[in-house]
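User: I would like to go through the aromatic residues and a helix pair in this model. Could you take me through them?

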Amino acid sequence: MNFTDAEKARLKASARKHVLGHWMDNADLDKGVKIFTRGKGCRITDIDGNEFIDTFSNLVTCAIGHGREEIRLAIDEQLKDLEFFPNYHDGFSAPLVRLAEKLAELAPGDLEVTFFLNSGSEANETAVKMARQYFWQTGQKGRYKVISRRCSYHGTTLAATSWTGFSALREPVEPLMPGSIYAPQVKCSECEMGLKLPGCNMACLRELERIVVSEGPDTVAAILMDPLPGSNSGYPVPPEGYLKGVRELCDKYGILLIFDEVQTGFAKTGKWFACEHFGVVPDILDVSKSITSGYAPLGACITTQKIASAFSAPGNEFRSGSTYGGHGISCAAALANIEIMEREHLVERAAELGKKIREKLTELMEFDVVGDIQGMGTLWAIELMDDREKRTKLAEPYGVFIRDWCYEHGMILRNNGNMLVIAPPIVITDEELDLVMNNLRQAIQAAMKHFNR
């Protein structure tokens with residue numbers, strides 16, 4: 001689309017006046033409103049015609065890149081046939097059923113029954129509803145508590161915020177859901193107990209069990225966790241044996257295990273789902289984002305026949321639903337998206353990229369401001385520190401400077417304070433990856449010079 005200068009100015013002013021943005025940052029808005037109009041592959045173009053390489057995949061969503069004709073055709077075909085029929089009562093759309101079949105094929109273990117929604121937040125909230133009603137109908141009505149972990153993000157609805165382990169996100173909207181309990185984060189480089197592997201004997205796992213016992217196992221419905229915590233947490237890979245220990249704990253006390261793979265699902269870690277790296281299957285697997293690569297909104301809870309059977313008799317139906325959950329157009333987009341991932345071997349490509357990204361990021365450790373690097377596949381975080389050995393924080397806003405420098409040089413970079421996130425689309429080429437890393441190197445050098453380091 002071509003915009004006149006007057007139309008560009010009007011849209012930017014109107015955005016500031018009429019739109020209350022998601023996770024809005026007024027300081028950034030004061031620098032100038034950004035409006036994007038086109039995308040192709042790993043690149044996106046703004047309203048002024050400036051092109052950027054996107055290293056954050058549209059909030060870790062667009063795994064297959066922008067402008068895929070296969071997705072457009074799938075959506076167009078579904079629009080021609082039937083634009084919408086609700087997933088309601090006793091009716092379904094054909095794409096929804098076909099997608100449920102495909103997810104049963106892809107999901108690990110005995111996960112094979114899907115409840116469809118619109119987003120990841122809804123998926124996490126609905127998974128807890130499912131767990132609570134499952135226990136309610138199986139004679140354990142006292143099970144309602146949810147244990148999640150500090151420093152993990154699980155969504156933006158009020159209930160999902162209740163299980164999000166960042167106090168700054170919870171405090172402005174309290175009081176929250178009763179029965180929300182927080183266990184320690186599992187980030188060995190920043191152990192809350194000040195311990196180190198292997199001598200710690202995974203004290204975080206023992207603390208999780210202590211919490212279960214203290215709360216009363218017969219009051220706990222679910223443990224909700226991200227097997228690989230997301231970009232807000234810095235993608236810390238859990239120690240070997242931790243997730244298997246959580247699975248054993250849930251089995252021991254009859255608790256349902258819910259994995260939030262909204263950000264990590266669908267190829268990005270080098271497996272279809274992150275939990276496969278650890279050989280652990282949850283009772284409910286929550287997904288969204290890259291299930292459609294952002295081409296249409298969709299979320300899903302994938303569970304077992306055992307849990308689903310609790311809702312199979314008349315009068316025992318699962319009491320949840322929404323108008324657009326499992327929209328036929330979204331399901332058609334998801335099917336086309338997964339077909340692309342399979343045809344182009346993007347699971348394997350993500351694993352290959354993980355090795356290349358790790359190698360290139362490790363080279364940045366030559367800069368003393370680079371304190372730590374964590375992640376897998378196409379999901380990585382660089383933590384900037386004042387002192388790497390002591391893990392002391394920087395007083396200066398290096399992350400903001402580096403992000404802005406990258407933007408001025410044609411690259412979109414996500415930062416969380418002084419943590420930089422590298423999570424490009426899986427379709428990024430080796431040449432584009434080299435460009436990203438070269439920009440990142442130059443940006444770090446520019447920041448160090450700017451802050452007189």
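**Aromatic pairs and a helix contact**

Analyst: F318 has 14% relative accessibility and therefore counts as buried (under 20% relative accessible area, with exposed over 50% and partly exposed in between; 1.4 Å probe, protein chains only). This is a predicted model, in which local features need pLDDT of at least 70, side-chain atom pairs count only at pLDDT 80 or more, and totals for chains, interfaces and linings use all residues. Residues are numbered from 1 along each chain as its sequence is written, and side-chain values use heavy atoms, leaving out hydrogens and water.

User: And F311, buried or exposed?

Analyst: F311 is at 13% relative accessibility, so F311 counts as buried.

User: How many aromatic pairs does a search of the whole structure find?

Analyst: The search finds 11 aromatic pairs, where rings of Phe, Tyr and Trp (its six-membered ring) pair if their centres lie within 6.5 Å.

User: Which aromatic cluster does Y407 form part of?

Analyst: Y407 forms one aromatic cluster with F36 and F52.

User: Switching to helices: at what angle do the axes of α13 and α15 cross?

Analyst: The axes of α13 (residues 346-363) and α15 (residues 430-450) cross at roughly 25 degrees and come within 11 Å. Helices are DSSP runs (H or I, at least four residues), numbered from the N terminus. Axes are lines fitted to C-alpha atoms over the stretch in contact, with angles from 0 to 180 degrees between N-to-C directions.

Notes:
Helices (H or I, at least four residues) and strands (E, at least two) are DSSP runs, numbered from the N terminus. Rings of Phe, Tyr and Trp (its six-membered ring) pair if their centres lie within 6.5 Å; planes under 30 degrees apart count as stacked, over 60 as edge-to-face and the rest as tilted.
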